[in-house]
Amino acid sequence: MKKYIKAFFKEIVPIIIGILIALYINNWNENKKDEKYINQILSSMDKELKESNDDIKKKMPQQQTLIDTLGFYKKNDTISLFDVMMKVNGIQIPKIRISSWKAISSSKIELLEYDRVSALANIEEQKEVLLSKTQYLMNFLYPNIKDTSIDKKELIMLMMQDIIVSERDLQKEIEGIIKD
């Protein structure tokens with residue numbers, strides 16, 4: 001009986017050791033793949049966020065020019081909203097790029113630290129708020145494009161100022177991630 005037990009252990013121990021080594025190597029490989037994936041995603045995210053931040057910086061002065069131009073012409077009842085838009089080349093809204101965030105948030109979000117996930121989720125929410133405000137502005141502007149009244153010009157100035165505030169908040173969030 002002892003002979004069979006010894007033979008059993010002589011055969012099973014190398015098999016178990018082989019399985020454990022194979023599991024260790026597999027885990028090591030998976031960790032390397034995840035690390036490579038995270039580095040690629042983080043690099044891509046940083047690039048997208050820097051581009052978004054640059055676009056915000058570029059568009060804010062153009063938006064302020066629109067507000068200033070509306071302010072200059074608001075009492076002039078011969079200048080319509082359309083005329084003002086033509087003078088300033090329309091409404092400029094920055095493009096906020098978060099494709100990499102969306103890719104990882106739907107697959108391997110657990111690989112990111114909580115603070116980064118939270119900040120990126122905030123950026124996504126702020127992007128949606130900015131899009132909503134922009135859509136509201138456009139829905140108001142198009143039917144009133146030929147209007148020359150002070151009230152409509154002031155309302156668009158107010159909406160644009162609100163959009164700029166949202167962009168500044170978004171910019172702060174983006175810059176917080178870029179610096180990390």
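Asp147 touches Ile79, Ser80, Leu81 and Lys152, leaving aside residues up to four places away in sequence; contact here means heavy atoms within 4.5 Å. This is a predicted model, in which local features need pLDDT of at least 70 and side-chain atom pairs count only at pLDDT 80 or more, while totals for chains, interfaces and linings use all residues. Residues are numbered from 1 along each chain as its sequence is written, and side-chain values use heavy atoms, with hydrogens and water left out.

Asp147 itself belongs to the loop between α4 and α5. Helices are DSSP runs of H or I with at least four residues, numbered from the N terminus. A polar atom of the Asp147 side chain lies 2.6 Å from the backbone nitrogen of Ser149. A polar contact is a pair of N or O atoms within 3.5 Å; within protein, one must be able to donate a hydrogen and the other to accept it, and residues adjacent in sequence count only if both atoms are side-chain atoms.

Buried residues of α4 include Arg116, Val117, Leu120, Ile123, Lys127 and Thr134, together with Leu137, Met138, Phe140 and Leu141. Buried means under 20% relative accessible area, exposed over 50%, and partly exposed in between, with a 1.4 Å probe and protein chains only. The cover over these buried residues includes α1 (2-73), α2 (81-87), α3 (99-105) and α5 (150-179).

The packing of the helices can be followed pair by pair. Axes are lines fitted to C-alpha atoms, for helices over the stretch in contact, and angles run from 0 to 180 degrees between N-to-C directions. The axes of α4 and α5 are 10 Å apart, at an angle of about 165 degrees. These two helices, α4 and α5, are therefore roughly antiparallel, a term for angles over 145 degrees. In passing α5, α4 makes a left-handed crossing, in which the near helix is turned anticlockwise from the far one by less than a right angle.

Helix α1 also packs against α5: their axes come within 9 Å and cross at roughly 160 degrees. Because of this angle, α1 and α5 count as roughly antiparallel to each other. The crossing of α1 past α5 is left-handed. Gln64 counts as partly exposed, at 32% relative accessibility.

Between α1 and α4, the packing angle is about 40 degrees and the axes are 14 Å apart. The contact is made by Leu42, Met45, Asp46 and Leu49 of α1 with Arg116, Leu120 and Ile123 of α4. Here too, α1 passes α4 in a left-handed crossing.

Another residue of helix α1 is Leu20, which is exposed, with a relative accessible area of 54%. Leu20 and Asp169 are 149 residues apart in sequence, and their C-alpha atoms are 51 Å apart in space.

Lys102 is located in helix α3 and counts as partly exposed at 40% relative accessibility. Its C-alpha atom is separated by 9.5 Å from that of Ala121, 19 residues away along the chain.

The loop between α2 and α3 holds Asn89. Most residues other than glycine have a negative phi. The phi of Asn89, however, is positive, near 60 degrees. Asn89 counts as exposed, at 63% relative accessibility.

Technical notes
Angles under 35 degrees count as roughly parallel, over 145 as roughly antiparallel, 65 to 115 as roughly perpendicular and the rest as oblique.
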